Amino acid sequence: MVIEIQSLLEKLLDINDAMSRCAASAAPTTSVTQKLARHRDILHEFTQEFRRIKGNISSMREQAELLSSVRDDISEFKASEGMSPRMQLLRERAAIHGNIAHIDDVINQAQTTRAVLGSQRALFGDVQGKVKVLSDKFPVIRGLLGSIRRRRSRDTLILSAVIAGCTLFLIIYWLSK
């Protein structure tokens with residue numbers, strides 16, 4: 001069903017493209033451009049809805065699989081009540097060993113990520129040092145970097161003032177209710 005819906009969406013996309021090409025070859029009027037825009041909007045809405053429903057269905061499947069595995073674990077636990085204590089300990093030991101292996105994998109990933117971030121930091125530090133050397137050698141570049149820095153700080157101040165004003169007006173609006 002997913003493949004069928006995807007093929008239908010692709011057909012609709014092809015039809016929209018063909019309509020756009022026809023409209024472009026003829027003298028486009030306001031009504032034609034509005035209809036084309038509406039058809040594009042409809043395609044976009046259908047595509048978004050399809051993705052949303054597909055995500056919901058996959059989420060529901062994952063939840064059902066999780067519940068079934070929990071039920072299996074419960075039934076396995078009930079069946080293992082008749083097991084000898086030695087077998088239960090061996091089973092518990094195997095589960096702990098699996099968890100330790102998983103934790104080791106996560107720690108290795110974290111260490112790798114840390115090493116990559118450290119190398120990126122060193123790379124950015126080298127780039128910053130080279131830019132500083134260039135700015136020292138060429139006063140024009142220093143002036144350009146200074147103007148970029150000033151503009152960025154000015155933009156930050158303006159954005160901060162707008163956010164503070166909007167927050168203030170929002171608080172006043174809430175208090176007036």
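Mentor: Let us begin with the salt bridge, defined as a side-chain nitrogen of Lys or Arg within 4 Å of a carboxyl oxygen of Asp or Glu. This is a predicted model, in which local features need pLDDT of at least 70, side-chain atom pairs count only at pLDDT 80 or more, and totals for chains, interfaces and linings use all residues. Residues are numbered from 1 along each chain as its sequence is written, and side-chain values use heavy atoms, with hydrogens and water left out.

Trainee: What makes the contact of Arg 52 and Glu 49 a salt bridge?

Mentor: Their side chains meet at 2.3 Å, N to O, and the limit is 4 Å, so the pair qualifies. Both residues lie in helix 2, three residues apart, about one turn of the helix. Helices are DSSP runs of H or I with at least four residues, and strands are runs of E with at least two, numbered from the N terminus.

Trainee: How do you know that Arg 38 and Glu 45 form a salt bridge?

Mentor: Their closest N and O atoms are 3.9 Å apart, which is within 4 Å, so this pair also counts. A further salt bridge joins Asp 155 and Arg 154 at 3.8 Å, N to O. The count comes to three salt bridges.

Trainee: Why is Asn 16 called buried?

Mentor: Buried means under 20% relative accessible area, exposed over 50%, and partly exposed in between (1.4 Å probe, protein chains only). Asn 16 has 6%, and is therefore buried. Asn 16 is found in helix 1 (residues 2-25), whose buried residues are Leu 9, Asn 16 and Ala 23. Leaving aside neighbours within four places in sequence, Asn 16 is in contact (heavy atoms within 4.5 Å) with His 39, Arg 40 and Leu 43.

Trainee: Why does Val 70 count as partly exposed?

Mentor: Val 70 has 37% relative accessibility, so it falls in the middle class. The place of Val 70 is in helix 2 (residues 30-80).
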